[in-house]
Amino acid sequence: MRRWWLGFAIVVAVTFGLDQGSKAWARSSLPANQPQPVIHGYWDWELAENPGAAFSSFPDGSARVALSLVAIAAIAGITYLVARTRPEQRVQRAAYAMLAGGALGNLVDRLRHGTVTDFVRWHADTHMWPVFNVADCALVIGVAMLVADSLLVSRRRAAAV
């Protein structure tokens with residue numbers, strides 16, 4: 001086994017653990033749909049159960065099975081991509097691990113509870129962004145890391161020419 005698989009597995013496990021631990025805290029500590037201010041006017045804890053996908057798409061839960069299958073396929077695809085990385089592609093593997101950990105966290109919620117637990121609400125006074133969770137953050141961070149890494153690699157290649 002390549003040594004970097006261990007690093008990948010650790011990032012997936014930490015991401016998944018932080019996600020599931022924070023969701024357990026939210027389910028046991030927060031009242032449903034009653035915002036608890038963290039920074040008044042900007043950030044609240046707000047427990048919400050999302051039966052759909054990101055940004056509350058498919059809110060009726062009609063796509064639960066399809067979303068679960070997509071998550072399983074994504075995790076398998078990510079694992080395949082990780083296996084194809086070269087040892088020096090650490091940022092790519094870390095990004096893939098964030099994506100896998102986030103996808104796994106929301107998949108487990110969907111399978112265990114039938115919905116995904118969200119609890120972080122950002123807003124600017126009356127403008128509200130969708131409620132989200134740690135898995136969602138990991139997914140966004142993973143994508144941002146892949147984009148940034150791709151741009152840096154492209155810039156290095158252009159400079160070498």
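**Close-up views of a predicted protein chain**

**View 1. The whole chain and its surface.** The model is predicted: local features need pLDDT of at least 70 and side-chain atom pairs count only at pLDDT 80 or more, while totals for chains, interfaces and linings use all residues. Residues are numbered from 1 along each chain as its sequence is written, and side-chain values use heavy atoms, with hydrogens and water left out. Taken along the principal axes, the C-alpha atoms fill a box of roughly 55 × 35 × 25 Å.

**View 2. The order of helices and strands.** The protein chain has four helices and four strands (DSSP runs numbered from the N terminus: helices are H or I with at least four residues, strands are E with at least two). From the N terminus on, these elements follow the order α-β-β-α-α-β-β-α. Of contacts (heavy atoms within 4.5 Å) between residues at least 6 apart in sequence, 67% join residues at least 24 apart.

**View 3. R3 in helix α1.** R3 belongs to helix α1, which covers residues 3-29. Because its relative accessibility is 79%, R3 counts as exposed (over 50% relative accessible area; buried means under 20%, and partly exposed lies in between, with a 1.4 Å probe and protein chains only). The C-alpha atoms of R3 and P87 are separated by 9.2 Å, although the two residues are 84 residues apart along the chain.

**View 4. D118 in strand β3.** Strand β3, residues 116-124, contains D118. This residue is buried yet has no salt bridge (a side-chain nitrogen of Lys or Arg within 4 Å of a carboxyl oxygen of Asp or Glu). K23, the nearest side chain of opposite charge, is 6.2 Å away from D118 (Lys and Arg count as positive, Asp and Glu as negative; His and the chain ends are not counted). The side chain of D118 makes a polar contact with the side chain of N133 at 2.7 Å (a pair of N or O atoms within 3.5 Å; within protein, one must be able to donate a hydrogen and the other to accept it, and residues adjacent in sequence count only if both atoms are side-chain atoms).

**View 5. N106 in helix α3.** N106 is placed in helix α3, residues 90-113. With a relative accessibility of 9%, N106 counts as buried. Residues up to four places away in sequence aside, N106 touches K23, N133 and D136, among others.
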